[in-house]
Amino acid sequence: MVREALDSTQDLAAQLAREGAPHMTCVLAEQQTRGRGRMGRVWQTFPHYSLACSVVLHGQPAQLPLLAALVIADSVEDFCGVRPSIKWPNDLLINEQKVCGILIESFALNDSAERFHILGFGLNVNTPDDVAADLPLTTLQQHTGKTLSREALLDMILANLHEATLRLKEEGFSPFLETYRQHCISLGRRVRWQHNGEERYGKAVDIAADGTLVVETEAGRIHCPSADIIMEGASS
Ligand code: BTN
């Protein structure tokens with residue numbers, strides 16, 4: 001379903017899921033007046049140059065954010081030869097600049113125990129002529145030098161996402177874990193995060209089987225309780 005303007009594709013996708021929309025129903029909007037990111041942040045995209053989509057997913061386990069990042073990164077690489085890195089859990093970066101953000105929201109399905117998830121992603125594909133040079137983001141076009149077909153890229157992402165979510169359901173996350181680790185640039189870096197108003201830090205050393213980030217801290221190894229980490233410095 002394609003709309004010129006919406007508050008947020010997340011809301012329409014959630015409404016459609018409540019009305020019975022099946023797995024992989026996709027809502028795309030050129031413009032969002034209340035696009036949202038993780039941690040309550042505002043999300044803005046370039047109308048007609050970016051992809052702003054939300055996909056209905058039924059019955060997926062905890063590692064869905066990591067799977068979504070891997071699927072979109074793989075699809076981008078297959079499509080245009082540029083490989084985005086993953087900042088745990090699910091930001092996609094090229095040369096440390098954000099090219100895609102992913103938001104997953106989960107809801108109970110009509111008072112039942114069953115849940116559905118809305119996977120939203122904002123992917124910067126092409127570059128408008130008037131884009132400000134100092135924005136802290138990048139586009140695929142800036143790395144390929146080509147104007148890319150958003151429709152063809154979206155088709156590829158959706159086909160790969162469909163296949164991957166079926167596999168995740170049947171086999172769990174273990175078939176994807178090693179590839180995720182290879183592309184996760186948070187590993188080996190010093191990371192910090194806020195916990196109960198205090199700053200915590202350590203070195204990210206692994207991704208656990210459940211998808212959590214394992215961090216070596218002064219107090220020992222812990223599973224990072226925040227999905228909002230700041231990466232410091234170069235790899236070490
Ligand atoms: C983030 O990095 O904070 C996540 C950004 C997610 C943005 C997408 S754009 C399509 C969908 N609709 C929204 O309102 N948000 C997501």
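Pro 89 is found in the loop between β4 (85-87) and β5 (91-94), where strands, like helices, are DSSP runs numbered from the N terminus (E, at least two residues, for strands; H or I, at least four, for helices). The peptide bond that leads from Trp 88 into Pro 89 is cis, with omega near 0°. The model is a predicted one, in which local features need pLDDT of at least 70 and side-chain atom pairs count only at pLDDT 80 or more, while totals for chains, interfaces and linings use all residues. Residues are numbered from 1 along each chain as its sequence is written, and side-chain values use heavy atoms, with hydrogens and water left out.

Both β4 and β5 belong to an open sheet of seven strands, ordered β1-β2-β3-β7-β6-β5-β4, with mixed pairing; two strands pair if DSSP finds at least two bridges between them. Because β1 (2-6) and β4 stand at the edges with a single partner strand each, one side of each is left without a neighbour in the sheet. On average, neighbouring strands of this sheet are turned by 25° against each other, direction ignored; the axes are lines fitted to C-alpha atoms, for helices over the stretch in contact, and angles run from 0 to 180 degrees between N-to-C directions. Within the sheet, β2 and β3 run antiparallel and are joined by three bridges. Val 27 has Ser 54 in β3 as its bridge partner. The loop between α1 and β2 (26-32) holds Met 24, a residue that is not a glycine and yet has a positive phi of about 80°.

Several of these elements also surround the ligand. At least two residues of its shell come from each of α1 (9-18), β3 (50-58), β6 (97-108) and β7 (115-124), and β6 gives the most, with four residues. In total, 20 residues surround the ligand, the closest being Ser 8, Gln 32, Arg 36, Arg 38 and Lys 98; a residue is counted here if one of its heavy atoms lies within 4 Å of the molecule.

A polar side-chain atom of Gln 32 is 2.8 Å from a ligand nitrogen atom, and a side-chain N or O atom of Thr 9 lies 2.9 Å from a nitrogen atom of the ligand. For Arg 38, a backbone N or O atom is 2.7 Å from an oxygen atom of the ligand. Taken alone the ligand exposes 410 Å², of which the protein buries 99%, with accessible areas taken from the Shrake-Rupley method with a 1.4 Å probe.

A second open sheet has five strands in the order β11-β10-β9-β8-β12, with antiparallel pairing. Its edge strands, β11 (220-223) and β12 (230-232), each pair on one side only. Neighbouring strands of this sheet are turned by 40° against each other on average, direction ignored.

β8 (residues 190-195) is joined to β9 by six bridges and runs antiparallel to it, with Val 191 opposite Gly 202 in β9. Two residues separate β8 from β9 in their hairpin, and Asn 196 in the turn has a positive phi of about 50°. The next hairpin, formed by β9 and β10, has five residues between the strands, and Gly 211 in its turn has a positive phi of about 95°. Four bridges join the antiparallel strands β9 (residues 198-207) and β10 (residues 213-217); Lys 203 has Glu 216 in β10 as its bridge partner.

Definitions and conventions. Polar contact = N/O pair within 3.5 Å; in protein donor to acceptor, adjacent residues only side chain to side chain.
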